[in-house]
Amino acid sequence: VDDQTDMIEAAYGRKLPMNGHYATSWPRYAQQYEKFKAFLAAELVPKLTVIRTLAPAFAQAVSDSDAFQAALEASMPEAMHYEDVGKQPIHFEWAGGAYSTGPTFRKAEYAATKAPEVNIAIVGHNRMMIEYCQQGQPPKPNNNAVLEKLFILRVSNSTPDMRGAQFMLRELEGQCAKVMDAPSGADAMRSLVGVDVRGCKLPFDVSMFLGLDDDVSTGETACMKLASKPDAFPIQAEFTSAGTNSEA
C-alpha cells in the first residue's frame, strides 16, 4: 500500500487519499471468488457510507470482522477453480451472523426488485473477467472495458438490534453484460513506442524491457490516437437509454 501511494504521488505530483485497511488486514492468498462474494456481502457493503443513507437498518448489520474472517477462512478452501464456482451452495456461521448463497436470478427479477441500488466499481484483469463474468468463454475483454455483474443481497435479522444478521447473496445467471468497450490491446501493442510508456518508471523503467523505438514527434502517437477517437470507449445501447438502471 505504501509503495502504491508513493507511485501515485510520483505520477500525479500529489498524494491521493487511499484507505489501505483491507489491503493490510485481509491478505490475498489466492484468487477465490466465493470468498470475495462473502466479503462483499457481509463485510464491505454494510460499511459503505452510502448505505447509511439508503438503508440505515442494513448499515447496522455490521458483524465482528475478526470472527467473520476466521469463519470465512475455515469454511472454504484457499483457492477455487472458476468452473467449481456455484456448483454447491455456500453457508457458514460465526458469532453474530451467518452467510449463504442463494439461487441465481434473471435480469427481469432484478429490474422488478424494490430495493436501494448501489454501484461498486471493481478493477480487475481480463482473465478474471473471462472466468467470472464470461464463464471461461472468449472473446477476452479489452483492457479498460467495463462489464456488469449484478447481485441481490438480502439481509434478515434474528435479533432486534441486527447483531444476528443473516446475509444471503444471489447472482445474475449467465454472462455479464458489457457496459462499455475499449480499444483493442493488440492494436495498442502493435503501435506502441517509447513515449507511450515514459511515465512507467516505478518500481522499474518498463521501456527497458519492451525494446520500443523512440518517437521524436510532438503530436499524438498511434497508441494515443486509439484512445482519443470519438468512438474509442462506446457505451452499449442498453445502458444509454433513458431510465435504464445499471451497476458496474
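Modeller: Start with two residues, Glu 171 and Lys 149, both of which are buried. Buried means under 20% relative accessible area, exposed means over 50%, and partly exposed covers the range in between, computed with a 1.4 Å probe on protein chains only. This is a predicted model, in which local features need pLDDT of at least 70 and side-chain atom pairs count only at pLDDT 80 or more, while totals for chains, interfaces and linings use all residues. Residues are numbered from 1 along each chain as its sequence is written, and side-chain values use heavy atoms, leaving out hydrogens and water.

The side chains of Glu 171 and Lys 149 form a salt bridge, at 2.6 Å from N to O. The term stands for a side-chain nitrogen of Lys or Arg within 4 Å of a carboxyl oxygen of Asp or Glu. The pair links distant parts of the chain, with Glu 171 in strand β5 and Lys 149 in the loop between β3 and β4 (151-157), 22 residues apart. Strands (E, at least two residues) and helices (H or I, at least four) are DSSP runs, numbered from the N terminus. Salt bridges with shared partners join Glu 171 and Lys 149 with Glu 34 and Lys 37 in one network.

By this rule the count is 12 salt bridges. Side chains of opposite charge can pair when their charged atoms come close.

Another of these pairs is Glu 238 with Lys 107, at 4.0 Å from N to O. Glu 238 lies in the segment after α10 (222-228) and Lys 107 in helix α7 (residues 107-112), so this pair ties together parts 131 residues apart in sequence. Glu 238 counts as partly exposed, at 43% relative accessibility, and Lys 107 is also partly exposed, with a relative accessible area of 32%.

A further salt bridge joins Lys 87 to Asp 84, with the closest N and O atoms 3.5 Å apart. Lys 87 counts as exposed, at 58% relative accessibility, whereas Asp 84, at 38%, counts as partly exposed.

Last, the confidence of the model. The pLDDT, the predictor's confidence in each residue from 0 to 100, averages 83 over the protein, and 89% of the residues score at least 70. Residues 242-248 have a pLDDT below 50, and beyond near neighbours in sequence this stretch has 20 contacts in the model, a contact being heavy atoms within 4.5 Å.
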